[in-house]
Amino acid sequence: NRREVDPFEGVTDPIEIVRLLVREPIRNELLREKPYLGDVSHLIQSLTDKQVASVIGIARNALVDGRRREAVQIARWLAAFTSVDLTEIHDAWLESGLLDPGIIFRGATDETTHRILKFIPSEQLRLNHALLALAWIGSPFVCDLFAGWRAQSPSWAGELFIPPHTYAHEAGWELNSVGSKRLLYSHRAYALVTCDAGSTESAVRSVLPATGSCPWCAGPLTTLLRFNTQDPRLLDLDLPGEVVTCPSCSCYGPVFMKVSRDGEVSWHSSNVKPPILPDEPGSEWTPAKQLTLGSARGELHAADQFLPTTLSQLGGAPAWIQDAAFPACPDCTQTMPVVAQIENGEIDHFMEGTYYAFWCRACGVTATQFQQT
């Protein structure tokens with residue numbers, strides 16, 4: 001007796017589609033709603049200035065009416081998929097005493113920053129959210145704040161698990177030695193889109209057999225990503241020729257590889273074996289799909305795991321499944337910038353988790369890490 005209904009059938013007004021997307025689904029055992037088949041990011045990016053104002057109004061009203069989930073969805077979409085001014089969103093959040101998710105505070109004014117500072121110090125959760133919001137603002141004023149806290153740890157820092165200035169990693173940047181902002185990802189970003197296994201597209205290829213075996217688990221090494229660094233689209237992205245890893249052992253900690261000047265890849269001598277590893281050797285990874293270079297996207301397009309988009313991408317800010325985990329280069333100790341992320345479920349059926357690839361060009365070192373829920 002169950003029947004399907006399509007709430008989006010015949011609906012063409014973008015504002016009404018947004019309302020339908022964020023409202024609570026119908027809870028009825030005999031009724032199943034069909035999902036939206038369009039691209040939410042394209043929908044949000046297509047909004048006119050007037051429509052954006054209407055959508056922000058929907059979010060503000062939802063927040064006032066206690067429908068926080070709806071408001072957060074809209075704010076997150078606007079923050080990641082557009083570059084519109086979100087001051088009205090910031091005002092609404094702060095008026096409600098809310099500081100999360102931090103990404104929605106991207107581009108906030110110094111006035112908003114001062115209002116956030118009024119929440120510091122506070123209870124641990126509120127303090128955590130305030131520092132995340134400041135990290136996503138990342139303005140020169142915030143850099144000065146973080147530099148001051150790095151130089152002299154504030155009294156409330158004992159409430160945290162990490163020093164306050166290192167919250168910058170959650171938004172993809174850090175302070176350099178003189179207190180300026182060092183970005184840990186490329187502003188330019190491209191979607192990595194699925195294609196049939198065996199594709200020979202030249203710019204990017206994914207999950208290919210590599211030479212040699214893992215010294216830790218004895219399983220086969222895998223080329224997570226191979227780049228044609230001469231492709232015009234990749235020239236300014238500062239990429240290695242390939243990123244090689246053990247897909248099994250990288251689930252337990254970072255795996256570093258040394259890339260010679262002629263492109264030869266070898267196991268880095270500074271790799272530290274994790275205390276826990278699989279009992280059996282890793283097997284060859286043969287996902288159902290491969291990834292290839294797709295269209296350009298904004299730098300924050302896949303910067304949050306809860307966004308309705310594909311997470312696999314080249315460049316751009318990473319979407320951490322857990323806490324930010326930029327590795328330090330074993331040769332120079334500098335934090336390694338992220339160059340790509342691969343969402344496992346997009347290429348392997350019934351799989352989850354994300355692989356992150358990092359590159360220190362100065363030392364010729366790559367790294368990989370894996371996170372999952």
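**Salt bridges in the model**

The structure holds 18 salt bridges, a salt bridge being a side-chain nitrogen of Lys or Arg within 4 Å of a carboxyl oxygen of Asp or Glu.

Colleague: Before we start, what sort of model is this?
Modeller: A predicted model: local features need pLDDT of at least 70, side-chain atom pairs count only at pLDDT 80 or more, and totals for chains, interfaces and linings use all residues. Residues are numbered from 1 along each chain as its sequence is written, and side-chain values use heavy atoms, with hydrogens and water left out.

Colleague: OK, which residue does Glu24 meet in a salt bridge?
Modeller: Arg69, at 3.2 Å from N to O. Glu24 sits in the loop between α1 (14–22) and β2 (31–33) and Arg69 in helix α4 (residues 68–81), so the pair ties together parts 45 residues apart in sequence. Helices (H or I, at least four residues) and strands (E, at least two) are DSSP runs, numbered from the N terminus.

Colleague: What network is Glu24 part of?
Modeller: A network of salt bridges linking Glu24, Arg27 and Arg69.

Colleague: Switching to Arg76, which residue is its salt-bridge partner?
Modeller: Asp304, again with a 3.2 Å N to O distance. Arg76 is in helix α4 and Asp304 in the loop between β11 (289–297) and β12 (313–315), so this pair ties together parts 228 residues apart in sequence.

Colleague: And is Arg76 buried or exposed?
Modeller: Buried, at 12% relative accessibility. Asp304 is buried too, with a relative accessible area of 12%. Buried means under 20% relative accessible area, exposed over 50%, partly exposed in between (1.4 Å probe, protein chains only).
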